[in-house]
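Here are my notes on this one, as numbered points. Have the viewer open while you read.

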Amino acid sequence: MSFRTAAVIGAGTIGLSWTALFARHGLTVRVTDPRPDLADAVRDALETFAPHLGTTAGDLASRVHLAADVTEAVQDADVVQENGPENVEFKKDLFTKLVREAPAHALLLSSSSAIPSTAFTGGIDGSRVLIGHPFNPPHLIPLVEVVPGEQTSDESVQSAVDFYTLLGRTPVVERKEIPGFVGNRLQNALSREAIYLVEQGVVTPEDLDKVITNSLGIRWATVGPFLGAHLGGGPGGYRHMAEHIGQSMKKMWAGLGTPSQSPEEQERLIEAVEKAYGSSTYPELAETRDRKQLAVLKALEEN
């Protein structure tokens, strides 16, 4: 399938990032969102993201067009990327309209972070509807979770893989629908224990971040948890690891915490994070994050 025109529905953080990435790869992009500052938001995003993508804001802007509504955005789209609220009824109404108004060949993708497409395609033709869940910001982070629904055709899954590969992303097809998909479930599992450790006074938010960025973050960025464990077992590999420390790990699972996240505990956590990072503005923190992430990606590409 040839991808020439993309419609971006929803211009929040994710939608704006997709817009820049699509334009960088030569697609004509039509973006729509009811927000009154859409033109300013798109302009600012392209100016911010262009250096990350090795181009200029003007080059990106030449391929980006604002659409008055969904109907105009999808009029000749080859692919649609939806980035609306995490709300089943919203997505059901929107995809009912997309199936009706987008060209018959158009691939219909949702950036949904937790809701499987089967949950919002009942009663409509969902053969070309599926999840294309990115990690923020998608113009930098390579992973895209491709999650077909019960109605999604094999051809649509392959088209989604081809599309995201064309964009230089790393699509991973998940073989079974599960709320939150894979990435967010893993992230939430780690976040749960991180919040618990801070609540218990074991560590501060800032020091917990140091633990991750100076250990697991480095290891998992290069080999992931299973290969990391396989290597951790030495010449005996994962089998040695499982047979020798598997039981102690199992005991530790039982001791993992459940944070209370009562209003009082939540407020204490918020204040602790703000104390750690509140001296810098959001743009400053985001710029530092993106610069470091680009450095990691560059190192991975070179090795």
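1. Start with serine 117, which sits in the loop between β5 (107-110) and β6 (129-134). Helices (H or I, at least four residues) and strands (E, at least two) are DSSP runs, numbered from the N terminus. Bear in mind that this is a predicted model: local features need pLDDT of at least 70, side-chain atom pairs count only at pLDDT 80 or more, and totals for chains, interfaces and linings use all residues. Residues are numbered from 1 along each chain as its sequence is written, and side-chain values use heavy atoms, with hydrogens and water left out.

2. Is serine 117 buried or exposed? Serine 117 counts as buried because its relative accessibility is 1%. The cut-offs are under 20% relative accessible area for buried and over 50% for exposed, with partly exposed in between (1.4 Å probe, protein chains only). Its side chain reaches the backbone nitrogen of glycine 149 at 3.4 Å. That is a polar contact, meaning a pair of N or O atoms within 3.5 Å; within protein, one must be able to donate a hydrogen and the other to accept it, and residues adjacent in sequence count only if both atoms are side-chain atoms. Not counting residues up to four places away in sequence, serine 117 touches Val129, Leu130, Ile131, Val147, Pro148, Gly149, Thr152 and Glu177, where contact means heavy atoms within 4.5 Å.

3. Threonine 121 belongs with that residue. Threonine 121 is also found in the loop between β5 and β6, and it is buried, with a relative accessible area of 5%.

4. Most residues other than glycine have a negative phi, and most peptide bonds are trans. Here, asparagine 136 and proline 137 are joined by a cis peptide bond, with omega at about -5°; proline 137 lies in the loop between β6 and β7 (143-148). Phenylalanine 181 has a positive phi near 60°. Phenylalanine 181 is in the loop between β8 (170-173) and α7 (183-199) and is buried, at a relative accessible area of 0%. Glutamine 261 has a positive phi too, about 45°, although it is not a glycine. Its place is the loop between α10 (237-254) and α11 (263-277), and at 28% relative accessibility glutamine 261 counts as partly exposed.

5. On annotations, UniProt (unreviewed entry) places "domain: 3-hydroxyacyl-CoA dehydrogenase NAD binding" at residues 6-176. Over residues 6-176 the model is 35% helix and 21% strand, with the end C-alpha atoms 27 Å apart. The UniProt annotation "domain: 3-hydroxyacyl-CoA dehydrogenase C-terminal", also from an unreviewed entry, covers residues 180-250. That span is 82% helix and 0% strand, and its end C-alpha atoms lie 24 Å apart. UniProt positions are in the numbering used here, feature names are shortened, and annotations may be inferred rather than shown by experiment.

6. How much space lies in the second largest pocket? About 340 Å³. On a 1 Å grid over the protein atoms alone, a pocket is an open set of points where a 1.4 Å probe fits, with protein on both sides within 12 Å along at least five of seven lines; lining residues have an atom within 4 Å of a point. Grid points are joined across faces, edges and corners, and the volume is the space filled by probe spheres set on the points.

7. The second largest pocket is lined by 17 residues, with Ala45, Thr48, Phe49, Tyr282 and Ala286 nearest its centre. α1 (13-24), α2 (38-49) and α12 (282-302) each supply at least two lining residues, and α12 gives the most, with six. The lining divides into eight nonpolar, five polar and four charged residues (Ala, Val, Leu, Ile, Met, Phe, Trp, Tyr, Cys and Pro count as nonpolar, Asp, Glu, Lys and Arg as charged, and the others, Gly among them, as polar).

8. Finally, threonine 222 is in helix α8 (residues 205-222) and is exposed, with a relative accessible area of 52%. Its side chain reaches the backbone oxygen of isoleucine 218 at 3.2 Å.
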